[in-house]
Amino acid sequence: MEREEKEAAKTSSSPSLFPLFEAAKTASSPSFFPLFEAASSSITQQHTNAPTNDTVPPPAWLYNTSFTTDLSIVNDAVSSLLPPHHSDSDLEEQEEDKEDRVSNQGKDRSYQLLQEPEEELKREAKYSRSDSDHADSGRERKKTKKRRHSKNKKRDRSRDEDARDFGSRKSNVRVWAGSDTKTTKDYYFDTHGDRDNLVYGTPYRMDVPRYKPYNSKKLDFQGLYLLNKRGRGFDRDGDIDALDTQLKSGGRYWSSKYAAVERHKNLKRLRVLARKKPRVVVSDEFIPLSDMDMSHDGGDHPGSDLKDCLVVEESWDDEVLRKTREFNKLTREHPHDEKIWLDFAEFQDKVSSMQPQKGARLQMLEKKISVLEKATELNPDNEELLLCLMKAYQSRDSSDMLIGRWEKVLMHHSGNHKLWKEYLHVVQGEFSRFKVSDMRKMYAHAIQAVSSACSRQFRQVYQNEKPSSLDPTIVQQEIGLVDIFLSLCRLEWQAGYQELATALFQAEIEFTVFCPSLLLTEHSKLRLFEHFWNSDGPRVGEEGAVGWSTWLEKEEENRQRILKEEASHDEDRGGWTGWSELLSKHEETAKNQENVVHNEVTADEFLEESENEDIKQEDDAEALLKQLGIDVDAEPSSEVKDSSTWARWSKEESLRDCNQWMPVHGKFGALSLSLTPPSQFVFVDLFNLCSSRISPSSGTPDGEADEHLLRAVLFEDVSEYLFSLNSQEARLSLVSQFIEFFGGDLSQWICTNSSSWKDKLLSIEVLPDPISKNLRSIHNILDISEGSSSSNIFELLLGNTSNSSKRTDAMKFLRNAVLLCLTAFPRNHILEEAALVAEEFSVTKLDSPTPCRVLAKSLLKNDRQDVLLCGVYARREAVFGNIGHARRVFDLALTSVEGLPPVITLIFLNICCWSWIHTYLYTELMHISGECPASCMQLLLNWYSKDLRSNAPLLYFWYAETELANSSGNNQESPSRALHILSCLGNGVAYKPFESKPSSLQLLRAHQGFKDRLNIVRSAWVRGVVDDQSLALTCSAALFEELTTGWAAGITVLDEAFTMVLPDRRCHSYQLEFLFNYSVRMLLRYHKQSSLSKVWDCILKGLQIYPSSPELFKALLEISHLYTTPNKVRWMFDDYFHKKPSVILWLFTLSFEMSRGSSQHRIHGLFERALENERLSSSVILWRLYIAYEIDIARNPSAAKRAFFRAIHACPWSKKLWLDGFLKLNSILTVKELSDLQDVMRDKELNLRTDIYEILLQDEFVS
């Protein structure tokens, strides 16, 4: 008895993988089988009360294998690790061995029972006979099952293969979820997926993902076909565990049934709502912090975010009613808060997206319009509300009605540049209304209206007094005016009027930047400028150009000199000349009539001589053509019979567009020029002028006159678009965008969140060089891993339409223009660098290792104290590998920064005389202070020395960056040199050239010096005073900490500096964007030492602030390629598609997918999603890439044809887009369709330089 109790206790204490069966063995624990539990409890109770010597044979039903099997064997069998795959023969042998072992164990085991009543014994005997019969039938069923199993052996093998492919539950699962068994290990390394995944309380057998990585290069199409054929019979809910029939019938949570329930409006959801807080009324006495900075408060305590929250159970309809009541209440309480009205309108869009019927969506649109109309009624001057209302009108009204509404809005807000920009964008995208002449009139109205508003506002604020700094509102208004002017120039350039676009830039820069310092009205200023424009004087960018003001001074000097010569000539001739009789009025009239008749006769004779000369030239031309085999009298066939002719026409048209971009001066008299109507170009039909173009005498003026007539720009063509700028920021913006327009290389001068940057990206036709470099680097990184071609995919798709000669001429033009603008913006290192880079591209013969060395020395000769020019020149030397020469230039510049000795006062006076700014300051100091010239010179000298020292951080930072960039390979001297340079800046001592590595004491003093100077910088940044010098000092301090302490200390310096500026100012400062990009580059250099999450979170934080930054997208793809999967990058891109779509985002996304060789369906879907956006649908670069991709990569001509017609409908102004259709789709489009396309181009007034007859004439000449 004691032995049995010990065995029972031992059995109960042993672990088991099936607690279900263990519960049935104990009487005290509950069981899932109450019938067996009652029987076992009664048997146990009788066994304890009966005598041990009486034995009764057990009934036959107890010999069933379910009761005779040892449970420890089952536990061992389940816990043992089986190989992942077995053949069918092995599985059959294992099953037979298991059955034999279980049956043998059942025969050896016996049970001793107590005596039972007779009725119960009879009943058991009856059951035993039936059990024996069932056992016989069971054996027959097993044999049938084996035969059936062998018969379907092939089908079972295929199922096993499918199960292995789709990742069914692995056989080495040790423990089921929820078991109380103690495993041998406390933990396991899971490398094969989640083996114990629970869904609704049951184990999920499909614990391995059912997908394979796609590789287009190694794709087995036959296997893919078989896989799809077998997969057609799969049920959507077929991966549900078979043990739970109720779950299988109901479906998983992603099934269509639950998706429909989730989308149902009456479904009650638990929502966590924040308790209402009183709205903070912003006063003018303090600046509130942004929500993003205050969101981190209270995040250290768990549950702090939910402490003051309210949990509400509501359906979608309940949420709509609740939010509508809240918005109604807020709009009544705060009717002048634009954010509330905009959120209310956005909520209507959310409600509309949940409506399945079109009528319901239109009803919500009407409600949104009514909300915005009420908002604009209460806030008539709010431009954001007006823009939102007009956008809502655009979704409902027709184009004519929409244009009428825009005209009414602009009548009341004629000086708002944002409204004008949006209106011009809407009108320009209307294919049915678009014409170049109509767009010119609208741009003229916009520029005149905004310019008048700026001038009026300036006069009201400053009352004819010229202040030192302008109001930021006026500055932003003038910058917006410059953006409208740039949009006009882009329209003219893309429509084929390159000469007019160039002339507009020349005229506006001359009129604004080089305006004479005379007190003139706007009308008098225009009349004076007309004299300059119609003269032969060189303009901006041309050789010998000096600017309008200098040209006018020279003209006045020449006029005075001529008057003096005439006066002296009259004096020399002097003396009494005698009396002369005056002519009578009658005689004078008769004489005038004779002169008129004589002039008429002379003119007639001149015309007759000209006609005779023309006839003679025509005869000579006909004779020459007959000698060449061309019959002039025969009627030429002007019908195009081959589409290849249109392809050659498009190539010739593109070539002429590249070459003919520079306007010419009109030199053929007022009679010829008067034929040109105002603001229009006269295009001469080449069919009628063919004889003059092929004139045998190359010196005849006919061909030259025609070419001049085509490319000359009159004053009437530009006068309506000229305006004056009062702020220095707006003038610099005009010059900088002019440089970028013609392909110049500029350092970052504007934030990527500005409207100028966004407008530039939206209007590009080809990739700019900075963006192309970033995309090329990303392509090279992905190319190494994927093994595709090494060239940039975008460059292959778009092709290179420009030639080297055009590039050289444009760079010469740009170099001349920038050098002239440096006289108006002296010592601007951004413009100086642009001039040197343009010189590098324009130089064809290299006289020195560095192409810009001659120009840099010439500029330094004119201003030897321009230390920033020295730094820019030294950096260009380092780019070409001349690090020794760059170090000498840097050392010379830093040595001269440390103060000017008194002995150079005379030299300084000569420098001041060179610069008009210094001369002006010198005169003003004498006038204000009343001091002697020597004292004023000393004051100016002190100011000049202070200005030189303020630029020192830029030089130190550039020098250190140059040394670190040269530290690749085995060069260990460069980091020591960089540390020496930075320690001199931190210590504040005079710079000395590098001799040895700085000591520990010097490094400690430099560390403290940087700390003290950064405190001053941060106090200035808090007030919003951020400049290039303080930025360079901050980056230098971070670089010093990186070299001495480590990269973490450098990142800390940058983060602390960045957080000192308020969030609203961060988003609009290019200096802070550069600072953030610099910190990202530092993290990327040490990505192996730092964690991935730190780098990833930093980049994502930057993209939230600067969503259009190419540098951040480049860094994101670089780090994601090393550490993350492509799907994670796609999820991130998809999130930004919905939040902040931009052209930069789509360019990097498409480059990522194309470089990886993704599927064509994915890339096609990305193009469609991008061009569905209302704003991005007017992006020419996206349409060109789409057409080229469908033709060159996807090889889908029909899709390319559809994309082309959609493109010209969305962007009718882009001539390059039209020519892509002629060049790429000439094998798809018929000759009639191509001819009709050219007619439509003429109807839209695009500039066509080549007539199709010229191509046909070439064919006839060749034949």
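Modeller: Gladly, and one term has to be settled before we start: contact here means heavy atoms within 4.5 Å. Please keep in mind that this is a predicted model.

The part I would pick is helix 49, which covers residues 1092-1105. The expected span is 1.5 Å times one less than the number of residues.

Which residues of helix 49 are buried? They are V1095, W1096, C1098, I1099, L1100, G1102, L1103 and I1105. Their cover includes helix 46 (1047-1058) and helix 48 (1070-1085), together with helix 50 (1110-1123) and helix 51 (1126-1139).

Now for the setting. The chain has 58 helices and four strands. Of its 1263 residues, 40% are buried. Among contacts with a separation of 6 or more, 70% are between residues 24 or more positions apart. The accessible surface of the chain comes to about 72700 Å², and carbon and sulfur atoms hold 53% of that area.

S1151 belongs to helix 52 (residues 1143-1156). With a relative accessible area of 1%, S1151 counts as buried because the cut-off is under 20%. Leaving aside residues up to four places away in sequence, S1151 touches L775 and F794.

C984 is placed in helix 43 (residues 973-987). Its relative accessibility is 8%, so C984 is buried as well. With residues up to four places away in sequence again left out, C984 touches Y956, V989 and Y991. Between the C-alpha atoms of C984 and G1009 there are 9.9 Å, and the two residues are 25 apart along the chain.

The whole structure holds 44 aromatic pairs. One of them joins F511 and F529 edge-to-face, at 5.5 Å centre to centre with 85° between the planes. This pair links distant parts of the chain, with F511 in helix 21 (residues 498-512) and F529 in helix 22 (residues 522-534), 18 residues apart. F511 is buried at a relative accessible area of 0%, and F529 is buried with a value of 0%.

A tilted pair is formed by F1010 and F1040, whose centres are 5.3 Å apart and whose planes make an angle of 40°. F1010 lies in helix 44 (residues 1000-1022) and F1040 in helix 45 (residues 1028-1044), so this pair ties together parts that are 30 residues apart in sequence.

The charged end of K525 sits over the ring of F511, 4.4 Å from its centre. Another lysine, K1244, lies over the face of F431, at 4.3 Å from the ring centre.

How values were computed. Residues are numbered from 1 along each chain as its sequence is written. This is a predicted model: local features need pLDDT of at least 70, side-chain atom pairs count only at pLDDT 80 or more; totals for chains, interfaces and linings use all residues. Side-chain values use heavy atoms; hydrogens and water are left out. Helices (H or I, at least four residues) and strands (E, at least two) are DSSP runs, numbered from the N terminus. Buried means under 20% relative accessible area, exposed over 50%, partly exposed in between (1.4 Å probe, protein chains only). Accessible areas come from the Shrake-Rupley method with a 1.4 Å probe; for residues, only the protein chains shown count as cover. Rings of Phe, Tyr and Trp (its six-membered ring) pair if their centres lie within 6.5 Å; planes under 30 degrees apart count as stacked, over 60 as edge-to-face and the rest as tilted. A charge sits over a ring if NZ of Lys or CZ of Arg is within 6 Å of the ring centre and within 35 degrees of the ring normal.
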